[in-house]
Amino acid sequence: MKVKITIPERLEDIKLSQYQKFIRTTKGSEDENFIVRQMVGIFCNIPDDVVGSIRASDYEGIITQITSV
C-alpha cells in the first residue's frame, strides 16, 4: 500500500492542536518507542496502523527530520 506522508519541515508546519495532542498523548510516558511513534503519527497526520507499516529506514528518516524541526 502506498501512502503519501507529509513531513513537517519547519515549526510553522506543525499546528498548535497537533502539538497539544502530542503533549496530552505522551504525558507521563517514558517509553521512547511510544513517544516517537506518536510523534510520527500526530505530526505527519497519519493513523497508527499506517505508522506501523512504514519501512524501518524511512521511519528513522522521518523521526530525524521531525526532531530537527
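Is isoleucine 23 buried, exposed or partly exposed, and what is its relative accessibility? Isoleucine 23 counts as partly exposed, at 37% relative accessibility; here buried means under 20% relative accessible area, exposed over 50%, and partly exposed in between, with a 1.4 Å probe and protein chains only.

Before we go on, a word on what you are looking at. This is a predicted model, where local features need pLDDT of at least 70, side-chain atom pairs count only at pLDDT 80 or more, and totals for chains, interfaces and linings use all residues. Residues are numbered from 1 along each chain as its sequence is written, and side-chain values use heavy atoms, leaving out hydrogens and water.

Isoleucine 23 sits in helix H1; helices are DSSP runs of H or I, at least four residues, numbered from the N terminus. In the segment before H1 (16-26) you will find lysine 15, which is exposed, with a relative accessible area of 57%. The C-alpha atoms of lysine 15 and phenylalanine 43 are separated by 8.3 Å, though these residues are 28 apart along the chain.

Now let's turn to helix H4. Its 13 residues (56-68) should span 18 Å at 1.5 Å a residue, and its end C-alpha atoms are 18 Å apart, which agrees; the expected span is 1.5 Å times one less than the number of residues. Tyr59, Ile62, Ile63 and Ile66 of H4 are buried. They cover an arc of only 100 degrees around the axis, so they lie on the same side of H4; the arc is taken from the directions from the helix axis to the C-beta atoms. Ser57, Thr64 and Ser68 are exposed on the other side of H4.

How values were computed:
Helices (H or I, at least four residues) and strands (E, at least two) are DSSP runs, numbered from the N terminus.
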